[in-house]
Amino acid sequence: MSDPITVVLVDDHQMFRAGVRTELHRAAKAAGAQAGAPIEIEIVGEADETARAVEVIAATRPQVVLLDVHLPGGGGVEVLRQTAPALPDVRFLALSVSDAAEDVIAVIRAGARGYVTKSISGAELADAVRRVADGDAFFSPRLAGFVLDAFASGGAAARDEELDRLTPREREVLRFIARGYAYKEVARELVISIKTVETHVSSVLRKLQLSNRRELTRWASDRRLA
Amino acid sequence: MTALDGPSAGDQVRALIPLAAVVAGMGLLLRDLAAERRGVWLDASGRRGRAVDARSAVGVLVVGGALVRLSTNGASLAAEASAVIAALILFSGGVLIALPYALRVLRDLDAERGERIRAQQFAEVAAHMHDSVLHTLTLIQRADPRDVAGLARAQERELRAWLYDRRGRALDATEPETFAGAVRAAAAEVEDRHGVRVDVVAVGDVALGGALAACVAAAREALVNAAKYAGGAPIAVFAEVEMVMDAAMVMEVGTEAETEAGAKFGGAGMAARRVEIYVRDRGPGFDLDAVGADRMGIRESIVGRMARHGGHAEVRTAPGAGTEVRLEMRCE
């Protein structure tokens, strides 16, 4: 039995934190019963606002931070800004009820390794936590949709640098994720290994975070007015 | 009588009258400014506004008249010049005195306008919350427990549309005008009618034309099937509008007709749009070959409908593997 994955839960709603704790526990147990080698997920800290989150993350140094996008005192982007540079081993997974593309893209560009909506099931959330703890990225269907939209070849593709484009294979992988396929199913459909799917998703995440195309930010903020 | 010899007592009184008029006119104007400030707090009606305008006009007339009177007070050119200079100095002095006050009034006005806009926005949000959220919460307390999930789902959808998608406000009021909007509306309808969750991810958008409406109708049919047979599991819908480049279109399709179509829309290199909808459920799935010839749902409402409008439909399913319906159509 391997060591449990340590998680800090940052969300301003106590009810929600309680729910996530229960579901993660249950999901980890269920997965463990199936696989025979349970990977426990242990919540080592909780915070309900930005400054407190920064403190708790620095004190507990978890493997994964489940980070709400909207928080009193600055929000997820601010938590990332204050903790991510100093703690490179801590990985952040954005977990939000928000549907606004600019919220999601902002937190990803600030360094989060993925984004899931709060309607995600316990099992999927546990899976996402494990992936992020392993160093992979995790895209929910909605995030895949946002990314496809943001990187859509809007005609001026010729002048874009390599970072500002998705390869056809990356697009293909993202489209499957947007259609609701799990990584395992994407691998089967494209006859590639899960590892390759993970590599594609990680490279898309890297492009999202490093891409300096101005349109990406503007695209996200324009979405509200569209 | 010359002004240069030093003013007599009578001249001094004569000079004081227009001065008094200037002061009175200024007072009138400033009073109006102050009144306008108060008007923010009172209910500023149109009639009140006109009264303020009239008083301002009277004030301007009084000040102007007094200045003219001052300037024509003396007879000689020198007296006139000095009178004009005196009037100008008087005027600038008045402006200097009034300026800080006027600026403060303007600042207050600005702050109050901001306050009013905030109040209006709050009222709008409050009205929406009352119409939707509060109303639903009341319903939930009285509703049959089986309906609660449906009510909550519908309310969540509406609130999301309102918060994140300005287009969404027209969701239930009028017919959607765009492709993505129509897909969302169809998903919402199925969600409400069949009590399942439908997650929609839409990429790109385009105005809704005749053939696209058929495409959305086919998707709706696929959604209804999924809702009926998938055992209540969430349904995933992915709708994408993609620009297809000339060259890519010719390469992919290659037929002469399509090449012509490509040339027709060409020019900037952008030719056509490809629209795709995927409706996927994780239900039990079924054996497509075993579906009876009399069952028209898939054959007519989905595959046939798409074919009639120049599109294409595919159903991928197998027992135990869920079902995915793929719809594709090209449009200019």
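In strand β2 of chain A, residue A47(A) is the bridge partner of V10(A). This pairing belongs to a predicted model, in which local features need pLDDT of at least 70, side-chain atom pairs count only at pLDDT 80 or more, and totals for chains, interfaces and linings use all residues. Side-chain values use heavy atoms, with hydrogens and water left out. Chain A holds 10 helices and six strands, where helices (H or I, at least four residues) and strands (E, at least two) are DSSP runs numbered from the N terminus.

**The chain as a whole**

- Of the 226 residues of chain A, 51% count as buried; buried means under 20% relative accessible area, exposed over 50%, and partly exposed in between, with a 1.4 Å probe and protein chains only.
- The accessible surface of chain A comes to about 10,200 Å², and 52% of this surface belongs to carbon and sulfur atoms; the areas come from the Shrake-Rupley method with a 1.4 Å probe.
- Among contacts (heavy atoms within 4.5 Å) in chain A between residues at least 6 apart in sequence, 72% join residues at least 24 apart.

**The sheet**

- Six strands of chain A form an open sheet in the order β2-β1-β3-β4-β5-β6, with parallel pairing; two strands pair if DSSP finds at least two bridges between them.
- The edge strands are β2 and β6 (138-139) of chain A, each of which pairs on one side only.
- Helix α2(A) packs on this sheet and touches β1, β2, β3 and β4 of chain A, and its direction makes about 140 degrees with that of β2(A); axes are lines fitted to C-alpha atoms, for helices over the stretch in contact, and angles run from 0 to 180 degrees between N-to-C directions.
- In general, strands of a sheet pair through backbone hydrogen bonds, either parallel or antiparallel.

- Strand β1(A), residues 5-10, is mostly covered, with six of its six residues buried.
- Both faces of β1(A) are covered: I5(A), V7(A) and L9(A) lie on one side, and T6(A), V8(A) and V10(A) on the other.
- Six bridges join β1(A) in the parallel sense to β2(A), residues 41-47.
- β1(A) also runs parallel to β3(A), residues 64-67, over four bridges, and L9(A) has L66(A) as its bridge partner there.

**Strands β4 and β5**

- Strand β4(A), residues 91-96, pairs in the parallel sense with β5(A), residues 114-117, over three bridges.
- Residue A94(A) stands opposite Y115(A) in β5(A).

- Helix α9(A) has 17 residues, 194-210, which at 1.5 Å a residue should span 24 Å, and its end C-alpha atoms are 24 Å apart, which agrees; the expected span is 1.5 Å times one less than the number of residues.
- The buried residues of α9(A) include V197(A), E198(A), H200(A) and V201(A).
- The axes of α7(A), residues 168-178, and α9(A) come within 9 Å and cross at roughly 100 degrees.
- The two helices α7(A) and α9(A) are therefore roughly perpendicular to each other; angles of 65 to 115 degrees count as such, under 35 as roughly parallel, over 145 as roughly antiparallel and the rest as oblique.
- Residues of α7(A), among them V173(A) and I177(A), meet residues of α9(A) that include V204(A) and K207(A).

**Positive phi in two loops**

- R61(A), which is not a glycine, has a positive phi near 40 degrees; its place is in the loop between α2 (50-60) and β3 of chain A.
- R61(A) counts as exposed because its relative accessibility is 57%.
- V191(A), also not a glycine, has a positive phi of about 50 degrees and sits in the loop between α8 (183-190) and α9 of chain A.
- V191(A) is exposed, with a relative accessible area of 72%.

Key:
Residues are numbered from 1 along each chain as its sequence is written. Chains are lettered from A and ligands numbered from 1 in the order in which they are written.
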